[in-house]
Amino acid sequence: MLILTIRTDKSEAELGLFDDDHKQAYLTWLAHRQLAETIHSKIDEILRSQDHSLHNLKGIVAYRGPGSFTGLRIGISTANALAYGLKIPIVATSGNRWLEDGQQALIGGENQQMIVPNYGAPPHITVQKK
């Protein structure tokens, strides 16, 4: 089962490509404020590095937080869109074992269908100025 992993809770974003729980490739980059601009090309890069395409993916694991509001929003939105568009299962996990726990959940047949972030605190959303 080819699994894409996504972690975007901090300035350095992470993508992984696993065959079940065997790592094929892992990519980290300083995304910071360019995450929305770079995440899609980085997903393409990690897939191409192993001669795969999006259509080879069989599941997605995403880190749900806590962490950066904007980073989690972008990463989880991307994960949800890919899972929905490709009709593949998706799970979100947290903690130090997020990767292993997520992989095992997917291998075990879990599908959360749509995942939501855990920011660790309520988001601070400002009122629009007129």
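Student: Two strands pair if DSSP finds at least two bridges between them. Over how many bridges do strand 1 and strand 2 pair?

Tutor: Strand 1 (residues 2–7) and strand 2 pair over six bridges, in the antiparallel sense. Helices (H or I, at least four residues) and strands (E, at least two) are DSSP runs numbered from the N terminus. The model is predicted: local features need pLDDT of at least 70, side-chain atom pairs count only at pLDDT 80 or more, and totals for chains, interfaces and linings use all residues. Residues are numbered from 1 along each chain as its sequence is written, and side-chain values use heavy atoms, with hydrogens and water left out.

Student: Which residue does leucine 2 stand opposite?

Tutor: Leucine 2 stands opposite aspartate 19, a residue of strand 2. The two strands form a hairpin, with four residues between strand 1 and strand 2.

Student: What about strand 3, how many bridges join strand 2 to it?

Tutor: Strand 3 (residues 22–30) is joined to strand 2 by eight bridges, and the two run antiparallel. Within this pairing, leucine 15 stands opposite leucine 27 of strand 3.

Student: Which residue takes a positive phi in the hairpin of strand 2 and strand 3?

Tutor: Aspartate 20 takes a positive phi near 55° there, in a hairpin with two residues between the strands.

Student: Is strand 2 mostly covered or mostly uncovered?

Tutor: Strand 2 (residues 12–19) is mostly covered, since six of its eight residues are buried. Buried means under 20% relative accessible area, exposed over 50%, and partly exposed in between, with a 1.4 Å probe and protein chains only.

Student: New topic. How many aromatic pairs does a search of the whole structure find?

Tutor: The search finds three aromatic pairs. Rings of Phe, Tyr and Trp (its six-membered ring) pair if their centres lie within 6.5 Å; planes under 30 degrees apart count as stacked, over 60 as edge-to-face and the rest as tilted.

Student: Is phenylalanine 18 buried or exposed?

Tutor: Phenylalanine 18 counts as buried because its relative accessible area is 5%. Tyrosine 26 has a relative accessible area of 32%, so tyrosine 26 is partly exposed.

Student: And how are phenylalanine 69 and tyrosine 119 arranged?

Tutor: Phenylalanine 69 and tyrosine 119 form a tilted pair, 4.7 Å centre to centre with 40° between the planes. This pair links distant parts of the chain, 50 residues apart: phenylalanine 69 is in helix 2 (residues 69–86), and tyrosine 119 is in the segment after helix 3 (98–107). Phenylalanine 69 is partly exposed because its relative accessibility is 33%. Tyrosine 119 is partly exposed too, with a relative accessible area of 23%.

Student: Last topic, where is the place of aspartate 51?

Tutor: Aspartate 51 belongs to the loop between helix 1 and strand 4 (59–63). Its relative accessibility is 71%, so aspartate 51 counts as exposed.

Student: What separates the C-alpha atoms of aspartate 51 and isoleucine 115?

Tutor: A distance of 28 Å separates the C-alpha atoms of aspartate 51 and isoleucine 115, which are 64 residues apart along the chain.
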